[in-house]
Amino acid sequence: MNAVLSPLSDIDTETSAPAVSFTPKEVLLGMSLEALRALVKTMDEPAFRAEQLHQWLYVKCVRSFDEMTNLKKSFRDKLAERFQVGSLVVDQKESSQDGTVKYLFRLPDGKVVESVLMYFEERGSYAMCLSTQVGCAVNCGFCATGKLGFMRNLSVSEIVEQYVYVQADSGKEVRNIVFMGQGEPMLNYDNLMDAIEILNRSAEVGMRHITISTSGVVPRIYDLAAKNMQLTLAVSLHAPDNETREAIMPINRKWPLESLMPALHHYVDTTGKRLTIEYILLAGVNDQPSHAHALGALLQTLKCNVNLIPYNPIGDDYGYKRPSGNVTHRFREVLSGYGKKVTIRVERGVDIAAACGQLANKVQDA
Ligand code: SAH
Ligand code: SF4
């Protein structure tokens, strides 16, 4: 494979770098009900105004103070002097033949991130794939976001606003959220946790309907286990041995399988939750029956389902290919023989580069 993998020093794994605020005014989206109550108090307004504001922000999802019609004009004016509702601007919106919609959001500092709205016919429900960072430091060899390098963390409000904006714009009730967009969510851990709390408590997305996908940031897996949340943790394993994993995921040098696997067992033991193991299929790299057997053996005692993700092309330069349908199904059969529930991910929005790993902001800094 000719993908260039970053040295590990590029991966800032120990700190959650704070997001810098670029908006001249403070942003209301992302504030909890408690924070709104405190704010309303400082503005000498009655306490019920906080509930009203909260409703407009997270239930009615309006974009301007003028639309908050049950707030008196003088209060709306006072708010508008100091605050803005959100900070994201839609630069582009593309619709796929399969109904998937990709939103390209411009952030206040000119950077862009993408979010994807998907419809799952079999379940009759909508899901959103949210981004947590601009670019990503982990630099997996097969991922378009990794090729951007790391630019910055998204703030709590930037994470929450992706959801609120798309919900309002699409007019759909989006009840499922997956953190599988741009960035490594566990490397923006504090903001991710705060955003999840707002999405759950204010926007009322059920914890069981939220999934975090991580490439394997071991210390944060222990932190999340300690929180014992009802969400789903998905782990991008992608290989059954260190040699194969390291060749495609540089993070494996920092946290090889000897440290990742105990963390996963600890997570299951502590939370009782079943993990999702994600496994990208790259032709000739990790898709052979021998890999499936090794994976089956590795996962034998771990409470998990496995989701196979046939590689989505990100350009010819990286040397990876999607295996044939036969190879994919053979892999699934072998693995199923180990008693695992194995699904093959149906990709959404491949024609508009909105599928897993394809999000790369073609207009970054345009
Ligand atoms: N950073 C997180 C979440 C975002 S990526 C993570 O890596 O888990 C969501 C999933 O898409 C991950 O399993 C990731 O490995 C996978 N992925 C990345 N590039 C891909 C590609 N080109 N084709 C298919 N899946 C890809
Ligand atoms: Fe980052 Fe995930 Fe892409 Fe790896 S797959 S580079 S962790 S976004």
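Two strands, β10 (210-214) and β12 (275-281), each supply at least two residues of the shell around ligand 1. Strands here are DSSP runs of E with at least two residues, helices are runs of H or I with at least four residues, and both are numbered from the N terminus. This is a predicted model, in which local features need pLDDT of at least 70, side-chain atom pairs count only at pLDDT 80 or more, and totals for chains, interfaces and linings use all residues. Residues are numbered from 1 along each chain as its sequence is written, chains are lettered from A and ligands numbered from 1 in the order in which they are written, and side-chain values use heavy atoms, leaving out hydrogens and water.

Start with ligand 1. It is surrounded by 21 residues, each with a heavy atom within 4 Å. The closest are F142, S213, S236, H238 and N312. The shell holds 10 nonpolar, nine polar and two charged residues. In this grouping, Ala, Val, Leu, Ile, Met, Phe, Trp, Tyr, Cys and Pro are nonpolar, Asp, Glu, Lys and Arg are charged, and the others, Gly among them, are polar.

Now look at polar contacts, which are pairs of N or O atoms within 3.5 Å; within protein, one must be able to donate a hydrogen and the other to accept it, and residues adjacent in sequence count only if both atoms are side-chain atoms. A backbone N or O atom of F142 sits 2.8 Å from a nitrogen of ligand 1. The side chain of S213 places a polar atom 2.7 Å from an oxygen of ligand 1. For the side chain of S236, an N or O atom is 2.6 Å from an oxygen of the ligand. The protein covers 96% of the 540 Å² of accessible area that ligand 1 has on its own, by the Shrake-Rupley method with a 1.4 Å probe; for residues, only the protein chains shown count as cover.

Ligand 2 has its own shell. Its residues are C136, V138, N139, C140, C143, G146, G183, E184 and S215. Four are nonpolar, four polar and one charged.

Next, find N286, in the loop between β12 and α11 (289-299). N286 counts as buried because its relative accessibility is 0%. Buried means under 20% relative accessible area, exposed over 50%, and partly exposed in between (1.4 Å probe, protein chains only). The side chain of N286 reaches the backbone oxygen of I280 at 2.7 Å.

Finally, step back. The protein has 12 helices and 14 strands. Of its 366 residues, 56% count as buried. Its C-alpha trace spans about 70 × 45 × 45 Å along the principal axes.
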